Each structure stands twice: as C-alpha cells, then as structure tokens.
Amino acid sequence: MTKAAAARTPGFRCTECGNTSLRWVGRCAECQAWGTVAEVGATPRRATTATAVTQPARPIADHDPELARARPTGVAELDRVLGGGLVPGSVILLAGEPGVGKSTLLLEVANKFATRAGPVPTRALIVTGEESTSQVRLRAERTGSLSPNLYLAAENDLGALLSHVDQVQPGLLVVDSVQTISTDTLDGGAGGVPQIRAVAAALIAVAKERGIATVLVGHVTKDGSIAGPRVLEHLVDVVLHFEGDRHSSLRLVRASKNRYGPADEVGCFDMCEDGIVGLADPSGLFLSNRKIAVPGTCVAVTIEGRRPLVTEIQALVNRSMNGGSPRRAVSDLDSSRVAMLLAVLTRHGNIAFGDLEVYAATVGGIAAHEPAADLALALALASAARDKPIPATFCAIGEVSLSGDVRRVTNLGARIAEAARLGFTTALVPAAHAGERLPSGSDSIQTLPVETIGDAIGTIANLASQAVKARRPALQPIQGGIESPRR
C-alpha cells in the first residue's frame, strides 16, 4: 500500500445523525437507525495545526452576562416555556404537524417583538418558503400583526435569505420552514439531509455572529419526531414541540431541550378566529360546567411540565349488546393503564368488567397519561359500573399499583393548591403523604388519605351517602299521616 493510499481511508456517514465510521454497518451505532449509513468518499487524514483565534481567551468574570439575558417576546405563555424570552443569538427549532398553528404563533411573536418599546426600533424578519407574501399578509391583517418594523419575504434560496438579513438587519429572524430552503453549493433538492444540515449550519453561524434571535420551523414525520437529521436538534439551542388537535382549539408548546431555561415547561394557547391567545389559567377548559354530579366522572390534578392542571376524567360502562369480546375505547388516556386499572378493580374492588363495554376519555382534549391520574380514573370507572355519582367538589390524586395500593405522587402540594383555588373542597390523596404540610391557600380543602383502591371506593361511598343525607329535608307528621318537608 502506498503512502498516499494509507493516508486516505474510506468514510461512512449516517444520514440521520451524522455519525461517521470507518466501515459500513447496517445499523448506526449512535442513533440506532437501520439502513442509514452511506459512503461519503475517501477522507484524507490531516494533521491538526494551530490557527489564529477569533477572540483571545479572557477570565470568565470579564465576560458580559447581559448578552445572554432573555428579552420578553410579549407572548407570556411562550416566555414561560423559553425561560423568560428570546436570547440574542439563540437558535430555536419549532416543530409541529401541518396546520397546527406554527406560522400563526410566530407571526404573533414577530409582531410583538417588532412593536416593543425601546430606544432603538427592533426589526423582525419573516422568510417564508411555503406561502406567498400575500397569503401571510392576509393572515397578518386578520390577526392584527401589521407592525411597520415587521418585514416579510418569500425565498427558497439560502443566498437570497442571507441577503435579506444583510438589508433588514433584524433582531429576530423567522424561517418558515428550514426544509424549504436550499443552497446551490450542494446537490439534491430542498428537504434532503445534506441540504438541511448545510442551511441550518449557515443560519446558526449568522445568528451567533450577529446576535440575531432565530426561529427555525421544522416539519414532523408520521411518528411525531422532527424530520431531517438528528444532528439538527443538537446544533440548535432550544427545541420546541407545538401540539394540538385539529378538532380542538387547545394548543400546547413543550420544550424538549432548552439551554436557557427549564426543559420541562408547557405553554397553553387557544386557537381562535383572531389568531392565537395564551391561556394563563387553562384548567377551566378541562372541566365540564355541570352543576349536578353524574356517575362516571371524577376530577384529577395532573402536572404538565411545572404547571398543575385540573382535568375531569369521564367513563361509561355498558352491557355488551353484540356478545363476544366487549369493546374498550380510550381517548386522551393511556389504553394500557386503563386495561390495568380494570384488572385491579376486578381483583381488589370486587367490580366485574368481563362482559361490559368500557369507554374512557378526558374533557377538553388534554391528555392525562400521568400515573397520578390513576386514582381518579379508577374511581370514574367504579362510579360508572355501580351507577353511583361522585360529589362534584371532589378530586382524587394518586397512582394505583397492581396490588391495589395507592402510591405517592410528585408535587402534591402544587396539585392540592390548584384544586383549592378552583373551589374543590375534598381531595383523596395517598396515605404515604399523611402529615405533610400543604402550601398556603390550601386550607379550604380537606385531604382524605387512603392506602388501597378498596379504601378509596369505600370513602367515596361514605361521602356520597353523607351528601344525600345533607340534601334530604327534615320531615314531620301532619294530619292524615302524610309527611312533608319542614318549611
């Protein structure tokens, strides 16, 4: 082997995550994807030499921390998720299904950014590669986003996009979407892995160099993951997921990665005709307005990020009319946990569901996959099976194990405080939390500790009977032996 051949070794790269290897493998060792490793040509081995530095290293105390301070966007729910607002030079990747409202939300954010008060007017630039400028203008007119400092351009070429950045000099750049931008320096169409990687690298370099807060809109695949190479998520500073059902106006923004704030926060929005509005108190959306308790409903308090949400869980149990295997339908709940709770109620609650059809769902389109909703779900199923209503001012918090025990949950104090704020008077909690101090404002709610699911069902029965006795008027005999309520 010659020296030239020894100095060059074939390279293989994963098209999903960018991991390189010296030989071809069927499965990438980094992202575990199959069939994504392809040869990229011979890679010369070069000795690393010292080069000129861009800026000399300084003591850490000499660096200005104000350059990394977050600036509020004017959209409080988004600021909650970002950790205070937009940081100059930060790059945010916002992903979501088509039609969920990503462009509407970012148009509102850009308009708020462009109209905020300050000594120097702050410009915002939106570059759209999916719509025409006229379409975006119509949406801006409908939502009232017509700030004179908000600029709009329709481009699909990376070079033209960078020219717009040079001309406008924005403080906020929105690219909708990164999959529609391409560069002539690489082969392949827009949306390909090499194109997305090159476009994202160029935009990130410009954002860091000029201190431009940049938001990249990304598409998602059928399984809900972000389309494109996984290295894109590692390059950006913040990764946000925009979730929502087309049949519901509720929208959620979740942070799966955040270098400037918490990565477990959730923002709630309401999609309406005039645009998108933040919901500072969304718990009321997940409760029915019924004044009289009916069988099959129970209220749980779940945690979305760091926010407690009071959610009503509904269940319907009916005899199977067709015979055979009864139907089990679940909406916005974990079907496996529903099946587990049915088995636990059959074994430890003496309630047979073998020949019964079971339907379970939440109110308002919120998903309640947290184990802390087990107790409320189990009580809703038991209430529906026995046709006994649960008092309307009652909520249940706890995880149910296979042995029928009610286990501890996290952030019980925040859950109890949220339930008390919304007017609930009684809360069923795990017995393991007995004796814990509750936060201020929780004095109006009574906590009843229970150890097992059987104890919880018995406690509910006692509360229901006491409520019936309290509503029953006192009777007194009158002439003729007929009893009537005492006035």
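This is a short walk through some features of the structure above, which is a predicted model.

Let's begin inside the protein. The largest nonpolar core has 41 residues, and those touching the most other members are Phe-353, Leu-375, Leu-379, Leu-381, Phe-394 and Leu-428. Several helices and strands each supply at least two residues of this core, including strand S14 (307-319), helix H8 (335-348), helix H9 (374-386) and helix H11 (453-471). Which element gives the most? That is H9, with nine residues.

Setting aside neighbours within four places in sequence, Leu-428 is in contact with Leu-375, Leu-379, Phe-394, Cys-395, Ala-396, Ile-397, Leu-448, Val-450, Ala-456 and Thr-459. Apart from this core lies another one, of 31 residues, and among them are Leu-94, Leu-172, Val-215 and Val-253.

Now move to strand S5 (residues 124-128), where you will find Thr-128. Is Thr-128 buried or exposed? Its relative accessible area is 3%, and buried means under 20%, so Thr-128 counts as buried. Beyond its neighbours within four places in sequence, Thr-128 is in contact with Val-136, Leu-152, Ala-153, Ala-154, Glu-155 and Asp-176.

Keep Asp-176 in mind, for the peptide bond from Asp-176 to Ser-177 is cis, with omega near 5°. Most peptide bonds are trans. Ser-177 lies in the loop between strand S7 (172-176) and H6.

Helix H6 is our next stop. Two packed helices are described by the angle between their axes and the distance between the axes. Helix H5 (residues 158-168) and helix H6 (residues 193-210) pack at an angle of about 15°, with their axes 11 Å apart. Angles under 35 degrees count as roughly parallel, and H5 and H6 are therefore roughly parallel to each other. H5 passes H6 in a right-handed crossing. On the H5 side, the contact is made by Leu-158, Leu-161, Leu-162, Val-165 and Asp-166, while H6 brings Val-199, Ala-202, Leu-203, Val-206 and Arg-210. These residues divide into eight nonpolar, no polar and two charged.

Finally, look at the backbone in two loops. Most residues other than glycine have a negative phi. Asp-332, however, has a positive phi, near 60°, and is found in the loop between strand S15 (328-331) and H8. Asn-411 is not a glycine either, yet has a positive phi of about 55°; this residue is found in the loop between strand S19 (406-407) and helix H10 (412-421). Asp-332 counts as partly exposed at 30% relative accessibility, and Asn-411 is partly exposed too, with a relative accessible area of 47%.

Terms used:
Residues numbered from 1 in each chain as written. Predicted model: local features only at pLDDT ≥ 70, side-chain atom pairs only at ≥ 80, totals over all residues. Heavy atoms only, no water. Core = buried A, V, L, I, M, F, W, Y, C linked by side-chain atoms within 4.5 Å. Buried < 20%, exposed > 50% of the residue type's maximum accessible area, 1.4 Å probe, protein only. Helix = DSSP H or I, 4+ residues; strand = E, 2+ residues; numbered from the N terminus. Contact = heavy atoms within 4.5 Å. Axes fitted to C-alpha atoms, helices over the stretch in contact; angles between N-to-C directions. Parallel < 35°, antiparallel > 145°, perpendicular 65-115°, else oblique. Left-handed = near helix turned anticlockwise from the far one by under 90°. Nonpolar A, V, L, I, M, F, W, Y, C, P; charged D, E, K, R; others polar.
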